[in-house]
Amino acid sequence: MITHVVKRTDTSDPGFQQLVHKLDHELWNELLEDQATYDPLNKVPDIKTAVLVYVNNEAAACGCFKEYATGTIEVKRMFVQKEYRGKGLSKIVLQELEQWAKELGYHSALLETSIHFDVAINLYKSNGYVQVKNYPPYEGFEESICLGKRLTIE
């Protein structure tokens, strides 16, 4: 495990913006996903619940959540820079987002990812998420898989 610092922030944070720019670049240019469809659904302006993980004072991983429905959050924009992948940072981000959501009184979490992102799907499933029916706005999106989890207080 590498030494890291976790920061709760918002989506206007320059570190968050930098990582989301890299995420979008990767989605558009490397993964060849149908980003014309998904890009409008991935906008996260003015969200006050974002998490950054810093390694050596560099923003290395991020994620955020927004309220989806009363008591339910939607996890968005999970990303780890390539050079930091495989070091457990995505799990740190996910667990911090879940803890924050619980502190704010939320009891469940939803998220959407691509059926092609095996590493992401495995991360979520290994952290207690199960596949659920695609929720709006992802209904009928054949490239999407939606997952959900009950957030319990330990």
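Let's start with Tyr129: leaving out residues up to four places away in sequence, Tyr129 touches Val75, Leu94, Glu98, Ala109, Leu111, Tyr124, Leu147, Gly148 and Lys149, where contact means heavy atoms within 4.5 Å. The model is predicted, so local features need pLDDT of at least 70 and side-chain atom pairs count only at pLDDT 80 or more, while totals for chains, interfaces and linings use all residues. Residues are numbered from 1 along each chain as its sequence is written, and side-chain values use heavy atoms, without hydrogens and water.

Buried means under 20% relative accessible area, exposed over 50%, and partly exposed in between, using a 1.4 Å probe and protein chains only. Helices (H or I, at least four residues) and strands (E, at least two) are DSSP runs numbered from the N terminus.

**Sheet and helices**

An open sheet of 7 strands runs in the order β1-β2-β3-β4-β5-β7-β6, with mixed pairing; two strands pair if DSSP finds at least two bridges between them. β1 (5-9) and β6 (130-132) are at the edges with a single partner strand each, so one side of each has no neighbour in the sheet. From one strand to the next, the twist averages 30°. β5 and β7 are antiparallel partners over 7 bridges, and Leu111 stands opposite Leu147 in β7.

| Helix | Strands | Angle |
|---|---|---|
| α3 | lies across β1, β2, β3, β4 and β7 | about 35° to β3 |
| α4 | touches β4, β5 and β7 | about 160° to β5 |

**Thr49**

Thr49 sits in the loop between α2 (35-38) and β2 (50-55) and is buried, at 11% relative accessible area. A polar atom of the Thr49 side chain lies 2.5 Å from the backbone oxygen of Phe65. Beyond residues up to four places away in sequence, Thr49 touches Thr9, Cys64, Phe65, Leu97, Trp100 and Leu104.

Terms used:
Polar contact = N/O pair within 3.5 Å; in protein donor to acceptor, adjacent residues only side chain to side chain. Axes fitted to C-alpha atoms, helices over the stretch in contact; angles between N-to-C directions.
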